[in-house]
Amino acid sequence: MTSRQILIFQFFAIFFFSCNVKNNDAKKEGVKDSLANKETVNPYATHDQSPLDMSYCPKDYPVFRMNGADSSLLVARIIYSRPQKKGRSIFGGSERNLVPYGKEWRLGANEATEIQFFKAVKIGKQKIDKGSYIIYAIPYQDKWTIILNSNLYTWGLHMDSRKDVFKIDVPTADQVPILEDFTIVFEPSDSGASMIMAWDKVRAALPIIFLK
């Protein structure tokens, strides 16, 4: 083979190699594009504007349980739906407010909020027996009246006060930062836990005493 033939061979070899590299890169990009354009919306997802949530006392109970902790650690859990502010005026003294002062409120949205105690506790000066209750509130400017009710499985729009089993007033405080989603969470305290209820610019706390 002459030197000229060798040069021609090298030229075509380099040319075909570069074409193959470009084709492979194009195929890879095509795979990426097809993945990027693939439909990612869950067709089974609900469109509830107030998704259901659950909080535990102690708040890290799911982690404890998955790590083998005994179920006796669980004191309470609350099941509620989380409405969103969406630019609305939430608490206030006008009927234009989403949650007017002096009106019963189900502490969330959709079905009435339910709290379950897995052991007896004390709230204020009263012992609360183990069991399930509906929990709702009557908000005022400087306090919320928190009420436990035995009328389970109600939607919670109009509570039957004849089935109230306990009520207590708790003071409100400023919530910083402002919360878009209504949130309930249990925070540890010296005597047990505080059930924090917060939304928009307002926060209230229900003190729960653990019994020995």
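1. Basis. The model is predicted, so local features need pLDDT of at least 70 and side-chain atom pairs count only at pLDDT 80 or more, while totals for chains, interfaces and linings use all residues. Residues are numbered from 1 along each chain as its sequence is written, and side-chain values use heavy atoms, with hydrogens and water left out.

2. Salt bridges overall. The structure holds six salt bridges. The term means a side-chain nitrogen of Lys or Arg within 4 Å of a carboxyl oxygen of Asp or Glu. Side chains of opposite charge can pair when their charged atoms come close.

3. Lys59 and Glu187. These two side chains form a salt bridge, 3.1 Å from N to O. The pair links distant parts of the chain, 128 residues apart. Lys59 sits in the loop between strand E1 (52-57) and helix H2 (61-66), and Glu187 in strand E10 (residues 164-188). Helices (H or I, at least four residues) and strands (E, at least two) are DSSP runs, numbered from the N terminus. Lys59 is partly exposed at 39% relative accessible area. Glu187 is partly exposed too, at 30%. Here buried means under 20% relative accessible area, exposed over 50%, and partly exposed in between (1.4 Å probe, protein chains only).

4. Glu95 and Lys103. Their side chains meet in a salt bridge with an N to O distance of 4.0 Å. Glu95 is exposed, with a relative accessible area of 62%. Lys103 is partly exposed, at 43%.

5. Asp160 and Arg162. In this salt bridge the closest N and O atoms are 3.0 Å apart. Asp160 is buried, with a relative accessible area of 19%. Arg162 counts as exposed, at 74%.

6. Cis peptide bonds. The bond from Cys57 to Pro58 is cis, with omega near 5 degrees. Pro58 lies in the loop between E1 and H2, the loop that also holds Lys59. A cis bond also joins Val176 and Pro177, with omega about 0 degrees.

7. Positive phi. Leu107 is not a glycine, yet its phi is positive, about 55 degrees. Leu107 is placed in the loop between strand E4 (99-100) and strand E5 (114-117). At 0% relative accessibility, Leu107 counts as buried. Asp200, also not a glycine, has a positive phi of about 55 degrees. Asp200 lies in strand E11 (residues 192-210). Asp200 is buried, with a relative accessible area of 7%.
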